[in-house]
Amino acid sequence: MTKITFIGAGSLGFTAGLVRDILTFPLLQDAHIALMDINAERLDFAKTAVSKIITEGRYPATVTATLDRVEALRDADVVLT
């Protein structure tokens, strides 16, 4: 499973669009999406949106959200800012 970390994930238009695109690739459909932002409210909104993309697309992907950059970067295969 590939871990893809989004730093600044509260920028929802960018995050949601890119997650939607990433999950269309068969090799990335089971990716773990780690979201990080310094704004808790925007981060929660982004996690809800990404969860909805995963559920509605029936992808085996997972998502977590954190305010802690070190935690988000831990074991990341790809980092997007």
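Helices α1 and α2 pack at an angle of about 25°, with their axes 10 Å apart. Axes are lines fitted to C-alpha atoms, for helices over the stretch in contact, and angles run from 0 to 180 degrees between N-to-C directions. The two helices are therefore roughly parallel to each other (angles under 35 degrees count as roughly parallel, over 145 as roughly antiparallel, 65 to 115 as roughly perpendicular and the rest as oblique). Their crossing is right-handed, meaning that the near helix is turned clockwise from the far one by less than a right angle. Leu12, Thr15, Ala16, Val19 and Arg20 in α1 meet residues of α2, including Phe45, Ala49 and Ile53. Contact here means heavy atoms within 4.5 Å.

The model is predicted: local features need pLDDT of at least 70, side-chain atom pairs count only at pLDDT 80 or more, and totals for chains, interfaces and linings use all residues. Residues are numbered from 1 along each chain as its sequence is written, and side-chain values use heavy atoms, with hydrogens and water left out. Helices (H or I, at least four residues) and strands (E, at least two) are DSSP runs, numbered from the N terminus.

An open sheet of 4 strands has the order β3-β2-β1-β4, with parallel pairing. Strands β3 and β4 (78-80) form the edges, each pairing on one side only. Neighbouring strands are turned by 20° against each other on average, direction ignored. Two strands pair if DSSP finds at least two bridges between them. Strand β1 (residues 3-7) is joined to β2 by 5 bridges, and Thr5 stands opposite Ala34. Another 5 bridges join β2 to β3 (residues 62-66), where Ala65 is the partner of Leu35. Between β1 and β4 there are 3 bridges, with Ile4 opposite Val78.

Strand β2 (residues 32-36) is mostly covered, with 5 of its 5 residues buried (under 20% relative accessible area; exposed is over 50%, partly exposed in between; 1.4 Å probe, protein chains only). His32, Ala34 and Met36 point one way, while Ile33 and Leu35 point the other. In a regular strand the side chains alternate between the two faces of the sheet.

A right-handed β-α-β unit is made by β1, α1 (residues 12-22) and β2. Another right-handed unit consists of β2, α2 (residues 40-57) and β3. Right-handed means that, with the strands pointing away from the viewer, the path from the first strand over the helix to the second runs clockwise. Helix α1 lies across β1, β2 and β4, at about 165° to β1. Helix α2 lies across β2 and β3, at about 180° to β3.
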